[in-house]
Amino acid sequence: MKFERYGIGIIKGLSVTIRHLLRHPTVVQYPEQRLNISRRTRGNELIWNQEKCTGCATCAKSCPLGAIEITTSTNPVENKYAVEKYQIDTGYCIQCGLCVEACPYAALYFSYNFECAKYRRWELVQDKEKMRETPERKVSGYFYPERATKLPRQTLLIERITEKD
Amino acid sequence: MMALETNINNLVRLQAVPPDWPGGFWGHWVFFTVVIIGFVLTMVMGVIYIERRGMGRMQSRLGPNRTGPFGLLQPVADAIKVLLKENIVPTAADKLVHWLAPVVAFAPALMIFAVIPFQNGAMLADLNIGILYVVAISSVSTVGVFMAGWGSSNKYSLLGAMRNVAAVVSYEIPLVLAIVGVVLIAGSLSLNQIVLAQDIPFILLQPLGFFLFFAAGCAEINRSPFDLMEADSEIVAGFHTEYSGMKFAMFYLVEYAEAIAISAIITTLFLSGWRGPLLPPWLWFIIKVLLVFFAMVWTRTTLPRIRIDQLMAFSWKFLLPLAVINLLVTALEVLASPAGLPWVVVIINLAIMAILILLWSKFFFKLGWGRIEV
């Protein structure tokens with residue numbers, strides 16, 4: 001016999017709510033507290049290394065959205081391509097990582113930068129200068145195991161959420 | 001002039017003002033009126049804070065924590081915001097009724113506190129029919145709510161007000177029957193006498209009565225899960241759809257003042273009111289009121305809103321029969337031991353309550369639950 005319809009459901013419900021009352025709330029109060037972002041994430045922004053790039057445009061071909069735009073000119077003196085324009089519309093980017101994986105010279109990486117919201121749509125279009133590696137835009141370990149092993153180990157759990165007033 | 005003075009003297013004698021009270025009758029009156037208004041307004045703020053924070057934590061949120069230390073000033077900020085808002089009256093509204101409704105709804109909520117003892121004998125009027133007065137006054141708010149619903153000339157307002165009237169009419173009966181059980185044991189209608197009679201808190205002697213009074217009280221003041229009159233997923237905001245600014249604030253105040261009033265009555269009737277060890281009596285009273293209110297927040301967070309047919313069914317098929325049985329059992333017990341109920345009765349009553357609630361929950365389902373046809 002199942003012990004149902006004796007008003008037990010109400011007691012169960014009450015116990016659930018009181019248990020929620022007694023534990024930490026699962027809310028992150030954003031400006032004061034942040035979630036831990038993995039340093040090995042496949043995410044957010046691309047970092048481009050001008051020294052390693054040969055202008056082969058494999059990344060642009062692999063991009064399913066056609067978000068990467070690359071223009072090159074020939075440099076007959078050094079017998080190589082010079083990258084004149086390299087820009088990506090991050091508004092189109094779906095962070096599939098195909099360009100990073102396709103790059104034969106390991107010149108393209110993801111960054112684990114967390115806050116890359118913009119106020120204007122044209123700010124989403126990033127050119128050569130904006131795609132450099134800077135202290136704010138650190139290189140993620142995605143697709144580069146030797147990089148990933150060097151990065152410090154980390155937990156993604158919210159270790160402790162305390163209320164700040 | 002002479003007649004007026006005799007009347008006042010009669011009043012003083014009836015309401016048992018302490019003879020050494022400074023200022024006599026009017027000093028007593030002014031003091032307690034100010035105390036009651038201050039008590040209700042500050043408690044409303046505290047209670048709103050408790051409700052929002054408690055509900056937030058129960059839903060894994062934080063609740064308001066930005067305004068002031070721990071968000072304590074949130075009710076103040078809300079009050080200021082709502083007072084500064086524009087007052088909009090619909091063109092088709094019955095202006096006078098629309099304007100009067102919040103006042104009519106608020107006055108009874110405040111008047112209930114006249115007979116609630118904060119300490120031994122510390123109350124505005126020690127009526128010898130105190131609890132009868134409470135029962136009579138508390139349903140007057142419904143008139144205000146119905147005036148709001150009618151005067152707004154809005155279908156949602158009217159629907160909400162009609163639901164409120166239906167709920168109050170049906171839940172008044174189990175409410176009063178639950179009170180009668182307490183009155184039988186205490187042997188008095190005066191709330192102060194009822195508190196003095198509680199050597200054993202009546203929640204132990206009347207556990208079923210407490211449960212019935214709590215459920216019926218929640219329905220009476222339209223708190224969730226019985227908040228059908230302002231069911232926002234069905235009828236916008238119910239009777240106060242067309243209210244804004246100060247008048248809306250009045251309705252908001254009424255809602256919580258009534259919740260505090262019901263908590264205070266439950267405290268007085270079942271939790272031995274101001275009695276308690278160590279702490280001063282008024283503090284015990286406030287602590288108990290807040291505890292009862294917390295139980296209301298707890299049920300509000302847990303239980304989903306019921307349908308209108310379930311509301312009626314819960315009153316007539318569940319609470320009313322149990323209230324009658326509870327009254328019968330209590331009467332038999334009082335008849336068996338007129339000198340005062342022994343501790344054994346506590347165990348008997350708890351067992352009766354457990355068995356009745358379990359069995360009647362099953363039976364309630366057999367009775368057709370909320371469906372109209374049985």
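# Two chains, and how we know what we say about them

Q: Why does A:I70 count as partly exposed?
A: Count its neighbours: A:I70 has 19 C-beta neighbours inside 10 Å. Being buried takes 20 or more, and exposed means 12 or fewer, so a count in between is called partly exposed. That puts A:I70 in the partly exposed class. Keep in mind that this is a predicted model.

Q: Where is A:I70 placed, and which residues does it touch?
A: A:I70 belongs to strand β2 of chain A. Leaving out residues up to four places away in sequence, A:I70 touches A:G55, A:A57, A:A60, A:V83, A:K85 and A:Y86. As for A:S15, it lies 55 residues from A:I70 in sequence and 60 Å from it in space, C-alpha to C-alpha.

Q: What makes β2(A) and β3(A) a pair?
A: Two strands pair if there are at least two bridges between them. β2(A) and β3(A) have eight bridges, in the antiparallel sense, so they pass that cut-off. One place to look is A:T71, which stands opposite A:K85 in β3(A). The two strands also form a hairpin, with four residues between them. In that turn, A:N79 has a positive phi of about 60°.

Q: What makes β2 and β5 of chain A edge strands?
A: The sheet is open and has three strands in the order β2-β3-β5 (chain A), with antiparallel pairing. β2 (68-75) and β5 (125-126) each pair on one side only, and that is what an edge strand does here. In general, strands of a sheet pair through backbone hydrogen bonds.

Q: What makes chain B as compact as a globular protein of its length?
A: Chain B has 14 helices and zero strands. Its radius of gyration is 21 Å, close to the 21 Å that the globule rule gives for 374 residues, so chain B is as compact as a globular protein of that length. Its C-alpha trace spans about 65 × 65 × 45 Å along the principal axes, and 46% of its residues count as buried. Of the contacts in chain B with a separation of 6 or more, 77% come from residues 24 or more positions apart.

Q: Why is α10(B) called mostly covered?
A: A residue is buried if 20 or more other C-beta atoms lie within 10 Å of its own. In α10(B), 13 of its 14 residues are buried, hence the label. This helix (residues 207-220) reaches 19 Å from its first C-alpha to its last, close to the 20 Å expected at 1.5 Å a residue. Just after α10(B), B:N222 takes a positive phi of about 55°.

Q: Which residues of the largest nonpolar core touch the most other members?
A: They are B:F213, B:A257 and B:I260, in a core of 101 residues. Helix α11 (residues 245-270) of chain B gives the largest share, 16 residues. Beyond four places in sequence, B:I260 touches B:V40, B:M43, B:V44, B:V47, B:V289 and B:F293. Another core, of 17 residues, lies apart from it, and A:I88, A:C99, A:A107 and A:Y109 are among its members.

Q: How many residues does the contact take from each of chain A and chain B?
A: The contact takes 15 residues from chain A and 19 residues from chain B. On the chain A side, seven are nonpolar, five polar and three charged.

Notes: Residues are numbered from 1 along each chain as its sequence is written. Chains are lettered from A and ligands numbered from 1 in the order in which they are written. This is a predicted model: local features need pLDDT of at least 70, side-chain atom pairs count only at pLDDT 80 or more; totals for chains, interfaces and linings use all residues. Two residues are in contact if their C-beta atoms, placed from the backbone, lie within 7 Å. Ala, Val, Leu, Ile, Met, Phe, Trp, Tyr, Cys and Pro count as nonpolar, Asp, Glu, Lys and Arg as charged, and the others, Gly among them, as polar. The radius of gyration is taken over C-alpha atoms; the globule rule is 2.2 Å times the number of residues to the power 0.38. The expected span of a helix is 1.5 Å times one less than its number of residues. A nonpolar core is a set of buried Ala, Val, Leu, Ile, Met, Phe, Trp, Tyr and Cys residues joined through C-beta atoms within 7 Å.
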